[in-house]
Amino acid sequence: MDRLIFLARRCIKAVLVILCVIAINFALIRAAPGDPATILAGEAGAVDAGFVERIRQDYGLDKPVPVQLLTYMKQLLTFDLGESYREHRPVKEIVLEKLPATLLLTLSAFVFSVIVGVSLGIAAARRAGSLLDTLITAGSLVFFAMPLFWIGLLAIVVFSMKLGWLPPYGMSTVGAEFTAWETMLDVARHLVMPAVTLGLFYVAIYTRVTRAAALEVMDQDFVKTARAKGVPEGRVWRRHILRNSVLPVITFISLQAGHILGGSVLIETVFAWPGIGRLAFDALFQRDYNLLLAVFFVSSVMVVLFNLIADFLYSLADPRIELQT
Amino acid sequence: MKKAIRQLAFALGTALFASVAFAQAPRDGGSLNLIVTPEPPTINLGNGKLGPSSFVGSKIYEGLISLTPKLEPIPRLAQSWTISPDGKVYTFKLRPGVKWHDGKPFTSADVLFSFKQYLPATFARTKLIMGQTASIEAPDDLTVVFTLKQPYPAFMYIFEATGGTIMPKHLYEGVTDYRTTQVNNTIVGTGPFKLGEWRRGAFIKLVKNTEYWDKGKPHLDNLFFHIVPDAVGRSIAFESGKVDAIRAGDVENFEIARLAAAPGVALTKAGWEFLQPIGFLNMNLRNKPIDDLRFRQAIAHAIDRQFIIKNIFSTFGEPVNGPFPGGYVFRDTTVETKYPYDPARAKALLDEMGLKPDADGTRVSLRLLPLPYGETWQRLAEYTRERLNAVGIKTTIVATDVPGWFSRASSGDFDLAYNFVYLLGDPAIGVSQTYLSTNQLNRGTAANIDGYVNRDVDALLIKAEQETNKTERAKLYSQIQKTLSHDLPILWTHQMVMPTVYRTKVKNLISTGLGMNENFADVWIGK
């Protein structure tokens with residue numbers, strides 16, 4: 001029952017957060033110089049005097065911003081995300097077209113970064129002060145400091161151009177006629193570099209956080225007690241140290257959700273990965289308001305969901321934490 | 001013996017000729033991989049006139065004519081045409097037996113629909129030029145007659161595919177707003193290729209139109225347009241062999257020489273005869289002290305345009321001193337006023353104006369709007385800032401993205417702004433718009449956004465647009481060039497030379513004045 005109440009309250013909060021995000025973005029994007037009408041007019045080359053005004057009227061851009069916001073919010077209540085000014089297609093259709101690619105990329109990066117990051121962190125903590133620890137710590141510092149797009153470009157040069165192991169860009173081989181199984185393998189080969197590149201930054205973070213937490217936990221009394229009771233060392237690490245070390249990792253997971261779209265904009269651009277990160281980037285530069293707001297809407301839903309999941313994970317990892325709002 | 005040698009020579013010659021002929025015979029089949037960047041919002045050529053839409057759409061849709069490299073019209077959907085002696089009546093005989101990609105027949109009704117209804121609603125240039133017509137009629141299914149109010153010798157240029165796209169009337173029955181209708185997403189043309197698949201963000205695949213009117217063509221089975229958003233990624237796409245050709249603008253100019261040096265790769269500068277881009281610095285004459293000719297002359301003397309061509313555009317440019325670049329019709333270099341690089345002269349002119357440097361060396365402050373089209377244009381803005389600062393014109397680069405640039409430039413919110421326009425075959429279409437005092441703000445960035453007002457130039461431009469005698473027309477344009485190159489309403493920086501880099505196995509890639517915007521029916525891939 002407590003959990004249901006918790007969930008209901010969090011959902012209400014989440015809706016409010018999402019609405020606020022949309023309202024702020026709505027105002028921000030309109031504060032930037034240029035609107036869809038000027039873009040379309042610019043692209044038309046030579047235009048007559050009334051062209052821009054006619055487009056503004058067509059899309060309701062001639063109305064005051066609060067009125068436009070109200071109209072948009074009303075549409076949103078019926079899950080109508082509007083139409084793209086440039087493509088003249090429903091925004092929902094465009095976003096749903098691109099969302100699976102981003103989810104595949106970000107979730108792969110996420111799984112990779114958690115597994116590798118936590119494993120490396122534990123490995124470093126177990127042999128604190130050793131050469132392995134130094135290597136892991138230094139390596140994580142390097143990947144933490146290097147910009148994503150730079151790692152991406154280096155990876156393309158090394159693994160595609162020099163070694164020829166992996167395809168340099170895209171999500172699939174253009175023009176290939178594959179069976180379903182071959183298509184899966186093809187997508188997997190294309191996924192390796194972008195997912196690893198996107199994940200490396202978080203590998204670095206999780207490694208450092210896990211290592212620090214594990215070092216702190218391993219000196220605690222309950223670990224000493226476990227060892228004194230004769231619990232095997234592997235079990236001490238798995239049941240006692242690891243479980244208590246992942247709490248800060250969970251905090252970072254919820255933060256990662258917020259950053260993942262920003263990262264995927266870069267990675268999707270460098271690797272020509274057809275996801276919503278790039279869609280947001282393109283929509284911004286084309287002032288395609290509806291499309292951009294829809295991407296923000298989807299990404300804020302993702303962030304809120306991740307946070308909700310993180311809260312649940314806290315309570316699972318540490319029974320002392322209660323679900324409270 | 002002599003006879004034997006002659007026979008041997010003849011046999012060798014014949015064999016050589018045969019082998020050359022055999023080598024040149026087009027091969028059918030295969031796929032051509034290209035890059036389209038940025039991803040076009042639409043590939044409906046009637047509704048999308050930007051570069052990427054034109055590049056892809058021109059393989060699907062057609063115009064009545066195409067243009068040779070010398071810009072002479074050649075038949076496409078029109079088989080032949082006549083122009084009345086007074087230059088007012090254009091009669092087109094259409095090609096019989098042409099079918100739309102959905103199997104419906106193409107007739108004169110489609111041409112009428114395109115020029116009377118569709119294009120004037122979607123494309124401002126066609127709307128403006130159609131304002132010159134008194135009537136458009138179709139006496140039968142295969143004849144269309146355009147009657148003009150007054151002669152307009154540039155009229156033929158509106159019929160090539162990218163500007164004069166012929167649209168399928170039958171799809172648009174009952175549609176009222178041609179610009180926003182979702183029917184535009186149904187891609188049906190008459191061209192050699194049909195839309196196969198568009199995987200948004202990844203690629204566009206066009207497939208051979210087996211019912212194409214030009215029997216035996218196209219030679220290629222498929223065209224793939226890869227969508228690669230990052231400039232470095234596009235270089236890699238070419239280097240790694242994923243794509244067979246890259247257009248000017250796909251990669252930065254400074255990458256071109258490296259890519260073209262690879263084995264089996266060639267570079268051509270052909271194919272831009274119709275578009276003919278010219279780069280320039282807009283100067284807002286509404287703002288002081290830019291309204292003073294001496295100030296504009298000082299700016300011209302302060303900037304080394306040879307340096308720009310050599311070092312910023314990596315030699316892909318030609319110097320130009322007026323609105324008519326090399327190879328453009330009616331160009332007359334004898335009348336041009338030249339303002340060579342001479343910073344001392346620039347300072348002297350500024351002194352003469354009374355613009356003395358203050359303690360920091362600043363005489364006047366200006367805002368420069370860079371063209372946000374990649375690294376090369378950004379470098380151009382930075383170079384310009386440094387040169388102008390050196391003569392005491394303190395220049396601040398205004399950070400902007402493409403929408404901001406469009407907005408500020410077209411509304412006159414700038415002091416200096418980098419820009420380029422396509423000259424489109426004839427000055428009546430490509431030059432007039434930028435200098436007519438009646439065509440100023442909020443009409444796109446190719447308009448007279450500088451606010452240049454010269455009634456004599458206005459009158460000459462209008463007169464030249466309508467003059468049918470070529471010699472007389474040339475004289476009028478000479479006068480225009482003389483005045484404009486002296487008045488410097490704009491600082492023309494360079495004629496843009498546009499490189500296409502391609503693998504030599506790709507044959508006939510550039511065969512007409514439309515270049516990469518040609519329909520690719522003749523393109524084939526050798527071994």
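In the predicted model, the axes of helix H5 (91-126) of chain A and helix H8 (residues 180-217) of chain A approach within 6 Å and cross at roughly 35°. The crossing of H5(A) and H8(A) is right-handed. By class, the residues in the contact of H5(A) with H8(A) comprise 23 nonpolar, 7 polar and 2 charged.

H4(A) is followed by A:Phe79, which has a positive phi, near 55°.

Between the two chains, 42 residues of chain A are in contact with 48 residues of chain B. On the side of chain A that touches chain B, at least two residues each are supplied by helix H2 (36-43), helix H3 (51-58), H5(A), helix H7 (148-162), helix H10 (233-270) and helix H11 (276-285). H2(A) gives the most to this side, with 5 residues. The side of chain A that touches chain B has 21 nonpolar, 10 polar and 11 charged residues.

In chain B, B:Asp141 lies in the loop between strand E6 (133-140) and strand E7 (143-148). B:Asp141 counts as partly exposed because 13 C-beta neighbours lie inside 10 Å, a count between the limits of 12 or fewer for exposed and 20 or more for buried residues. Not counting residues up to four places away in sequence, B:Asp141 touches B:Thr107 and B:Ser108. B:Asp141 and B:Pro96, 45 residues apart in sequence, are separated by 9.0 Å in space, C-alpha to C-alpha.

Conventions
Residues numbered from 1 in each chain as written. Chains lettered and ligands numbered in written order. Predicted model: local features only at pLDDT ≥ 70, side-chain atom pairs only at ≥ 80, totals over all residues. Contact = placed C-beta atoms within 7 Å. Helix = DSSP H or I, 4+ residues; strand = E, 2+ residues; numbered from the N terminus. Nonpolar A, V, L, I, M, F, W, Y, C, P; charged D, E, K, R; others polar. Axes fitted to C-alpha atoms, helices over the stretch in contact; angles between N-to-C directions. Left-handed = near helix turned anticlockwise from the far one by under 90°.
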